[in-house]
Amino acid sequence: MSSDPGATWEPAEIMGGLYGDGIIGLKGAFSTDFADRLREDIEVLYAEAKQVPGGALPRGPERWYVEVQPERIRGFVEIVTHDWFVAVCEAVLGPDYRIVEVGFDIPFPGAADQPWHRDFFVPEATTKGRRLNSLAFNLTTVDTRQEHGPFEVAPGTQWDQFEGCDKGMFPPKHLWPRYIERAVQKLPQRGDISARSALTIHRGTANRSNEARPVLVVGVDAPDATNAAHHDLQATQAYLDALPPRVRDHLTYRVVDRLEPVVQHHVIEGLLKPTY
């Protein structure tokens, strides 16, 4: 998809992409200046998180994930009120979708190929109901090149089920040829946004460049999903009072007097001891 200020987004096209390939995107949704400010925020927040036990979780060698409070991200409101973001959420998750996670992933130089995986266990809504009840939105802060170690996804594999692994997250190695054969590498540029099912089998690849590749993540649930239990989305009352209702009413949050470091609990153990 390409950005068009006058565009209307067809639910059938959105659902066809996410129920089919498991990932869709919008090119040029934001300006490159917007992406550059986002990177500035991420660099500050990463430096802070590294000083807090549990503030930055490893996702493999030289790869880290950090959760943050929405009010620490300039442009958060612009992201979650973008017409495409709203249209995707409503088409797939319904009008009462909930924003449950804000964070970022940073593969630094030296980050290795991850094992094929999905980000959490497959819920019954998907295994039995054949329905997606969560989405992850990604915004890159660099113009991704091959040497950056781009995100690699195996389209259509959000429906895969397999035995012999914890919670159905890590496919056994004898199935890897299926994902290698289907693999598509994504090379988003600053200002692009994507939406995907985190159940679609994917991996980060080796960063052989001399710079990091920070990516913002916004996680969104349908009302019946339970991913909020893995996160701690905080907001001060002053921030909430300043938010437009169309943002505030979709947040799942904990009100705090002052922002606290986010100590993370969603450790993906399989990414820490892979065979590279």
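Predicted model: local features only at pLDDT ≥ 70, side-chain atom pairs only at ≥ 80, totals over all residues.
Biologist: What radius of gyration does the chain have?

Modeller: We take the radius over C-alpha atoms, and the globule rule is 2.2 Å times the number of residues to the power 0.38. For 276 residues, a compact globule would come out near 19 Å, and the chain agrees with that, at 18 Å.

Biologist: What percentage of the residues is buried?

Modeller: Buried means under 20% relative accessible area, exposed means over 50%, and partly exposed lies in between, with a 1.4 Å probe and protein chains only. Of the 276 residues in the chain, the buried ones make up 55%.

Biologist: Which residues of helix H4 are buried?

Modeller: Helices (H or I, at least four residues) and strands (E, at least two) are DSSP runs, numbered from the N terminus. H4 covers residues 83–93 and is mostly covered, with 8 of its 11 residues buried. Those are Trp84, Phe85, Ala87, Val88, Cys89, Ala91, Val92 and Leu93.

Biologist: How many salt bridges does a search of the whole structure find?

Modeller: A salt bridge here is a side-chain nitrogen of Lys or Arg within 4 Å of a carboxyl oxygen of Asp or Glu. Some of them join up: Arg39, Glu43, Arg145, Glu147 and Glu211 are linked in a network. Over the whole structure, the search gives 17.

Biologist: Which residue forms a salt bridge with Asp119, and is that partner, Arg196, buried or exposed?

Modeller: The partner is Arg196, and the closest N and O atoms are 3.3 Å apart. This pair links distant parts of the chain, 77 residues apart: Asp119 is in the loop between strand E4 (98–107) and helix H5 (124–127), and Arg196 is in strand E8 (residues 193–196). Asp119 is buried at 17% relative accessible area. Arg196 has 8% relative accessibility, so Arg196 counts as buried.

Biologist: How many residues apart in sequence are the parts tied together by Asp232 and Arg254?

Modeller: These two form a salt bridge with closest N and O atoms 2.9 Å apart. Asp232 lies in the loop between strands E10 (215–221) and E11 (234–236), while Arg254 is in strand E12 (residues 254–256), so the parts tied together are apart in sequence by 22 residues.

Biologist: Where does Arg72 sit, the residue whose side chain meets Glu48?

Modeller: The side chains of Glu48 and Arg72 meet in a salt bridge at 3.1 Å, N to O. Glu48 belongs to helix H2 (residues 32–49), 24 residues away from its partner, and Arg72 sits in the loop between strand E3 (63–67) and helix H3 (76–80).

Biologist: Which residues does Arg182 touch, not counting those up to four places away in sequence?

Modeller: Arg182 is in helix H6 (residues 176–182) and, at 35% relative accessibility, counts as partly exposed. Its C-alpha atom is separated by 6.6 Å from that of Pro155, 27 residues apart along the chain. With contact meaning heavy atoms within 4.5 Å, Arg182 touches Val153, Ala154, Pro155, Gly156 and Thr157.

Conventions:
Residues numbered from 1 in each chain as written. Heavy atoms only, no water.
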